[in-house]
Amino acid sequence: LFTISLQKTYMIRKDVIKTLIAIKQNEIQFDVFDREEKLPIDSRKIVTISGVRRCGKSSMMEIVINDLVKSGVSAERILWLGFDDERLVNMHSDEFNQVVESYMEMFPDIPLKDVYMFFDEIQLIKDWEFFVLRLYKNYCKNIYICGSNATMLSTELNSSLRGYPIEYRAYTLSFREYCRFNGIKVQSYLEQDIARLKNAFIKYNSESSFPEIVLTRSKSEQLKLLHGYFDTMLLKDIAEHYRISNISILRYFVKRIMENLSKPTSINSLYNDIKSQGIKISKDDLYQWANYVCNIFLFIRIPKYDRSLSKEQKSLNKYYCIDNGLRSAVLLPQSNDEGKYLENNVFLHLNRNMQVGDKITYFQGNNECDFVIQRMDVVIQLIQVCWDISEHDTLKREVKGLLEASKVTNCDNLWIINKEEEKTIIIEEKTINIVPAWKWMILI
């Protein structure tokens with residue numbers, strides 16, 4: 001009886017897998033917006049897509065499928081399986097063979113080496129990586145995987161897949177992508193189009209750039225979705241994955257980092273603050289939590305610039321949030337947040353466009369400079385970010401920070417990114433480029 005029951009379960013599972021494969025094949029071509037970051041085709045590597053939850057990783061795989069079909073690949077050669085289907089949640093790693101068997105039964109004349117395999121939310125099945133590695137080594141070189149929790153991190157993937165993956169990082173929408181999603185022209189010299197661009201940037205700077213949120217017109221629905229994103233990141237991606245039981249302290253800790261956006265953040269100070277409230281938590285735990293919130297891409301942190309690596313590692317980090325709208329939904333936005341959000345968006349834009357060997361830090365001496373951009377060991381650019389530089393004293397402060405950082409780093413490529421002013425000024429024989437953020441994000 002046990003054998004019969006097991007065989008019945010086996011057949012039911014395969015029927016579900018076949019149905020899911022067929023449904024996805026029937027949806028091709030997918031109705032998705034193109035993204036600036038393109039995944040490779042025929043790289044003969046395990047292509048992994050990592051990034052914050054809900055930033056469009058699955059859509060990036062759908063874009064690849066659209067391109068494959070346009071190039072002549074038949075829909076039957078596409079094997080897509082999403083492991084978040086409730087009928088697969090109890091699947092065990094030793095049942096992964098059913099995926100391959102199900103496909104082969106559906107299409108017995110198609111060799112597995114000619115199939116393009118896409119696995120979404122595969123991290124929900126324990127020991128998935130061993131199946132993917134065996135599949136890659138023995139059957140198929142066209143494998144794409146993505147997921148939306150911390151088990152899809154590059155550090156964990158490279159360890160699990162032994163160096164075979166080629167990783168792509170997905171982000172929330174860039175300003176160019178945001179404009180495309182909203183039908184706004186970015187390459188136009190017409191006054192009305194430029195006016196639309198400027199207005200779009202004001203919204204982009206303070207609102208969410210998660211793809212689903214941008215396509216949702218109801219403000220109340222947007223807020224509901226953003227709170228759902230945050231709770232899932234907090235409860236599943238951090239608390240569940242890293243086995244943290246004290247959710248209320250974790251939530252408070254994350255909010256405090258959000259509040260300190262664009263400022264050097266002392267985890268030790270946060271520890272003293274929490275301790276002063278009579279709450280028991282170890283300092284080491286908080287330092288680990290700071291790692292975790294970056295591991296799931298909720299925050300990206302940068303150190304203070306220093307020629308000494310040991311001093312740099314001991315410096316206070318700045319934490320930038322993956323999405324301004326998410327921060328606004330979690331915290332009550334303040335009247336002076338435009339500048340913080342602009343700096344956050346400039347950082348995200350820089351981070352999206354980093355090349356291999358690039359590094360972003362901040363400068364702090366007698367004055368401050370927001371971003372120091374290094375390529376290998378050479379500083380190639382210095383950037384100040386300020387919402388409004390119309391006041392003389394404000395511009396003077398920003399310039400002083402640039403000039404001091406320029407002397408220390410030997411870099412003369414100086415920029416001030418602001419809301420709307422555009423001009424070039426020369427001070428102490430150094431040229432400073434002042435550019436509005438909307439234009440900078442389109443051109444750079």
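How many disulfides does the structure hold? The structure holds zero, counting as a disulfide a pair of cysteine sulfur atoms within 2.5 Å.

Before going on, a word on conventions. This is a predicted model, where local features need pLDDT of at least 70 and side-chain atom pairs count only at pLDDT 80 or more, while totals for chains, interfaces and linings use all residues. Residues are numbered from 1 along each chain as its sequence is written, and side-chain values use heavy atoms, with hydrogens and water left out.

**Cysteines**

A disulfide is a covalent bond between the sulfur atoms of two cysteines.

| Cysteine | Closest cysteine sulfur | Distance |
|---|---|---|
| Cys55 | Cys146 | 8.9 Å |
| Cys321 | Cys294 | 11 Å |

For Cys55, the gap to Cys146 is too far for a bond. Cys55 is buried, with a relative accessible area of 0%, and Cys321 is buried with a value of 0% too. Here buried means under 20% relative accessible area, exposed over 50%, and partly exposed in between (1.4 Å probe, protein chains only).

**Sheets**

Strands (E, at least two residues) and helices (H or I, at least four) are DSSP runs numbered from the N terminus, and two strands pair if DSSP finds at least two bridges between them.

An open sheet of three strands has the order β6-β8-β7 and antiparallel pairing. Its edge strands are β6 (264-265) and β7 (299-302), each pairing on one side only. β6 pairs with β8 (residues 317-321) over two bridges, and Thr265 stands opposite Asn317 in β8.

**Largest pocket**

On a 1 Å grid over the protein atoms alone, a pocket is an open set of points where a 1.4 Å probe fits, with protein on both sides within 12 Å along at least five of seven lines; lining residues have an atom within 4 Å of a point. The largest pocket has a volume of about 630 Å³, taken as the space filled by probe spheres set on the points. Its lining has 29 residues, with Arg54, Gly56, Lys57, Ser58 and Ser59 nearest the centre. α2 gives the most to this lining, with four residues.
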